[in-house]
Amino acid sequence: MKKVELKPATRIEIENIQGFLIRKVTKFGNSAKVDCPKEYLDRTVYLVIL
């Protein structure tokens with residue numbers, strides 16, 4: 001998987017979103033998956049739907 005450099009921030013503004021999900025990244029599950037580096041396992045992430 002390609003490494004993407006993160007830019008630390010405490011605020012984000014996005015227009016025209018359809019919704020968002022707040023989930024924890026885990027190794028296993030029975031739902032749809034989103035690619036994410038292993039270094040973010042057990043972290044809370046936001047998935048923004050545009």
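**Surface, strands and side-chain pairs of a two-stranded chain**

The chain exposes about 5,500 Å², and carbon and sulfur atoms supply 53% of this area. Accessible areas were computed with the Shrake-Rupley method and a 1.4 Å probe, and for residues only the protein chains shown count as cover. The model is predicted: local features need pLDDT of at least 70, side-chain atom pairs count only at pLDDT 80 or more, and totals for chains, interfaces and linings use all residues. Residues are numbered from 1 along each chain as its sequence is written, and side-chain values use heavy atoms, with hydrogens and water left out.

The secondary structure consists of two strands and zero helices. Helices (H or I, at least four residues) and strands (E, at least two) are DSSP runs numbered from the N terminus. Of the 50 residues in the chain, 4% count as buried. Here buried means under 20% relative accessible area and exposed means over 50%, with partly exposed in between (1.4 Å probe, protein chains only). Among contacts in the chain with a separation of 6 or more, 55% come from residues 24 or more positions apart; a contact means heavy atoms within 4.5 Å.

A nonpolar patch on the surface is formed by Ile12, Ile14, Ile17, Phe20, Ile22, Tyr46, Val48 and Leu50, which together have about 820 Å² of accessible area. Patches are made of residues with over 30% relative accessible area and no salt bridge; like charges are joined within 9 Å, and nonpolar side chains (Val, Leu, Ile, Met, Phe, Trp, Tyr) within 5 Å. Strands β1 (19–24) and β2 (44–49) each supply at least two residues of the nonpolar patch. One of the patch residues, Val48, lies in strand β2 and counts as partly exposed because its relative accessibility is 34%.

The structure holds one aromatic pair. The ring centres of Phe20 and Tyr46 are 6.1 Å apart and their planes stand at 35°, so the pair is tilted. This pair links distant parts of the chain, with Phe20 in strand β1 and Tyr46 in strand β2, 26 residues apart. By definition, rings of Phe, Tyr and Trp (its six-membered ring) pair if their centres lie within 6.5 Å; planes under 30 degrees apart count as stacked, over 60 as edge-to-face and the rest as tilted. Phe20 is partly exposed, at 48% relative accessibility, whereas Tyr46 is exposed, at 58% relative accessible area. Both Phe20 and Tyr46 belong to the nonpolar patch.

The structure also holds one salt bridge, defined as a side-chain nitrogen of Lys or Arg within 4 Å of a carboxyl oxygen of Asp or Glu. The side chains of Arg11 and Glu13 form this bridge, at 2.9 Å from N to O. The two side chains are also listed as making a polar contact, at 2.9 Å. A polar contact is a pair of N or O atoms within 3.5 Å; within protein, one must be able to donate a hydrogen and the other to accept it, and residues adjacent in sequence count only if both atoms are side-chain atoms. Arg11 is placed in the segment before β1. Arg11 is exposed, at 64% relative accessibility, and Glu13 is exposed as well, at 62% relative accessible area.

Asn16 is likewise in the segment before β1. The phi angle of Asn16 is near 60°, a positive value in a residue other than glycine. Asn16 counts as exposed because its relative accessible area is 71%.

In the loop between β1 and β2 lies Thr26, which is partly exposed with a relative accessible area of 40%. The C-alpha atoms of Thr26 and Lys38 are separated by 8.9 Å, and the two residues are twelve residues apart along the chain.
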